[in-house]
Structures are given as C-alpha cells and as structure tokens.
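Student: Hi! Could you walk me through this one?
Tutor: Happy to, here it is.

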Amino acid sequence: MTFRFCWVAGLVRARGGLPLFPEGNAMKKVILAAVSVSLGATALVGCGGESSDDAFEGKSADTIAAEAVKATRDAKSLRIVGKAKQPGGNEIGLDFRVDEQDRCTGTMTGQGAKADVVQVGQSVYVRGDEKFWQNTLKGKPGTEKVVQQVQDKWVVSDSAQAGAEGMCDKQAALAMLDSDKSERKGMKKGKTTEVDGTPALILEKKQENGEKITMYVATEGEPYVLKAVSEGGEVPSETVLSDYNKKVDAQKPAAEDVVDLKKINA
C-alpha cells in the first residue's frame with residue numbers, strides 16, 4: 001500500500017466547482033498520500049539497525065502491511081503532513097488534522113499559493129491568499145473584484161455540495177489511500193528505525209517501472225503507518241501520519257470574517 005499524495009485537490013473545491021488550485025486532475029493524483037514533509041531522505045528517520053526479525057514476531061511483510069492499513073483506517077483521528085512534486089516542478093504541500101466527527105483543520109500550498117481550511121460539521125471554510133484566489137478564479141469575469149472582497153476572509157461552502165464532497169472526510173481519504181491493494185503486496189522487510197522518535201519497521205518494494213516504495217510501520221502499540229516514501233516515479237513524495245487519536249480542535253471562524261462566494265456580485 002502506498003500513501004499517494006492525492007487527497008486534497010480534486011476533493012476540495014470552492015463554490016461552483018472551481019478548483020482551489022489549477023491542474024486539478026494532476027493534484028488529485030498527487031495528494032492522497034498526503035502525509036509528510038519532504039525534508040530529505042534522512043529527515044524524521046533515526047539511526048536504526050535492529051533486525052526486522054525482532055519486530056512483529058516474524059510476520060510476513062504483506063501481513064504487516066495489511067495490519068498497518070487496517071489500524072490506520074480504524075484510528076479516530078490523525079494528522080497528515082506532506083509534500084510532493086508534480087511533473088514540471090510544481091510542489092504541492094499540505095498539513096491537515098482530521099477526525100471521524102466532521103472536524104478538520106489544515107493548510108494547503110501549491111502554484112505559489114496558500115490556503116487554510118477548517119471544517120466543522122457540514123460547513124467548510126477556506127481562507128486563501130491573493131495568489132490562491134487568482135489561481136482559483138482565473139479566467140472568470142470580475143476576478144479582480146472578487147479577489148479583493150475575499151482577501152483575509154473565510155469563504156464558506158457546504159461539504160455536501162458538488163465539488164466540495166470528500167473534504168476532510170477521513171474515512172473516504174484513507175479508503176482512497178488503499179484503493180490499489182496490489183501496491184502493498186510483495187513488500188520486503190528491512191531494518192527497524194525511528195520516525196520522529198517512534199520505533200518503526202521499514203517495508204520496501206521496487207516497482208517494475210523503477211519506482212521505489214518505502215513504508216514505515218510502528219512497532220510499538222498499534223501498527224500505524226508512520227511514513228511512506230515514493231522515489232523514482234512520476235510524482236516523488238514523502239508522506240507522514242501522526243497524532244493518532246488526538247483531538248482535532250476545529251472552530252468556526254467569527255461570523256464577521258466569513259463570506260459566501262456565491263453571494264458576491266462580480
């Protein structure tokens with residue numbers, strides 16, 4: 001199983017189905033493994049060395065991967081932080097906290113733009129910078145006027161609205177993460193190491209196309225996926241999941257800071 005970086009864009013859209021960032025289809029492909037910051041090959045990884053035979057009592061790599069997927073999907077909440085590079089060099093990033101109670105907070109970056117996102121219940125709020133809204137509304141009549149009106153404001157949308165469905169939906173996102181189960185079959189156990197201080201077992205797989213997939217699974221407590229790295233493919237990425245089962249503190253923005261995009265007359 002690889003946590004591919006293809007979660008936010010394509011799932012997150014402003015009113016009217018406008019993509020939050022351009023290249024929506026490419027972003028959708030890029031963000032679902034959305035789970036970590038690309039800080040280099042050794043970032044967040046400690047100096048391991050323990051034999052993998054000492055972890056999971058000799059279970060096969062496939063069994064460990066399957067248990068890791070289940071444990072991750074069963075978690076009540078988690079944090080997803082990540083970056084990935086699209087063909088052409090555009091880098092996409094996100095940092096999200098999400099739970100099973102329709103609460104989430106996060107930040108997305110890409111195409112030189114940045115946007116904060118909050119969901120409470122069925123309401124999704126997006127606060128983008130000027131570049132974000134210019135990218136989102138590019139080519140639409142009255143773009144500049146609308147951009148001026150939404151600066152430093154939270155734009156509200158219904159999470160069930162077409163184009164916004166799936167926003168901050170933990171179950172849907174994690175289900176997508178494991179949509180291609182063949183990717184977590186045939187992995188091999190490596191050494192044990194640490195991810196941000198948590199002991200982890202390395203699972204590895206080399207794809208026929210030359211892409212290398214590396215998964216880090218917690219060896220203490222629940223076997224959560226802690227980190228996943230994709231190297232050598234079309235969309236290299238590194239993904240990290242953390243803060244399992246911690247409270248997501250999502251608060252509705254103040255009413256005076258909220259606008260409804262469809263009510264703005266361009």
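Tutor: One term before we start: two strands count as paired if DSSP finds at least two bridges between them. With that in hand, look at Val 124, which stands opposite Ser 157 in β6. Keep in mind that this is a predicted model.

Student: Okay, and how many bridges do β5 and β6 share?
Tutor: There are 4 bridges between β5 and strand β6 (residues 154-158), and the pairing is antiparallel.

Student: What about β4 and β5, in which sense do they pair?
Tutor: Antiparallel, over 6 bridges, with strand β5 covering residues 123-128. Asp 116, for instance, has Arg 127 in β5 as its bridge partner. The two strands β4 and β5 make a hairpin with 2 residues between them.

Student: Which residue in that turn has a positive phi?
Tutor: Gly 121, with a phi of about 65°.

Student: Let's zoom out. How many helices and strands are there in the chain?
Tutor: The chain has 5 helices and 12 strands. The 12 strands form an open sheet with mixed pairing, in the order β7-β8-β9-β10-β11-β1-β2-β3-β4-β5-β6-β12.

Student: Which strands are at the edges?
Tutor: β7 (188-195) and β12 (258-259), each of which pairs on one side only.

Student: And how do β1 and β11 pair?
Tutor: Strand β1 (residues 77-85) runs antiparallel to strand β11 (residues 237-242), and 6 bridges join them. One example is Gly 82, whose bridge partner in β11 is Thr 239.

Student: Which strands does helix α2 lie across?
Tutor: Helix α2 (residues 61-74) lies across β7, β8 (198-206), β9 (212-218), β10 (225-231) and β11. The angle between helix α2 and β8 is about 120°.

Student: Switching to Lys 114: where does it lie?
Tutor: Lys 114 is in strand β4, which covers residues 113-120.

Student: Is Lys 114 buried, exposed or partly exposed, and what is its relative accessible area?
Tutor: Its relative accessible area is 43%, so Lys 114 counts as partly exposed; the cut-offs are under 20% for buried and over 50% for exposed.

Student: What does Lys 114 touch beyond four places away in sequence?
Tutor: Its contacts include Thr 107, Met 108, Arg 127, Asp 129 and Phe 132. Lys 131 is 17 residues from Lys 114 in sequence, with a C-alpha to C-alpha separation of 7.5 Å.

Student: Last topic, the whole chain: what share of the residues is buried?
Tutor: Of the 266 residues, 49% are buried. The accessible surface comes to about 12300 Å², and carbon and sulfur atoms account for 46% of that.

Key:
Residues are numbered from 1 along each chain as its sequence is written. This is a predicted model: local features need pLDDT of at least 70, side-chain atom pairs count only at pLDDT 80 or more; totals for chains, interfaces and linings use all residues. Side-chain values use heavy atoms; hydrogens and water are left out. Buried means under 20% relative accessible area, exposed over 50%, partly exposed in between (1.4 Å probe, protein chains only). Accessible areas come from the Shrake-Rupley method with a 1.4 Å probe; for residues, only the protein chains shown count as cover. Contact means heavy atoms within 4.5 Å. Axes are lines fitted to C-alpha atoms, for helices over the stretch in contact, and angles run from 0 to 180 degrees between N-to-C directions.
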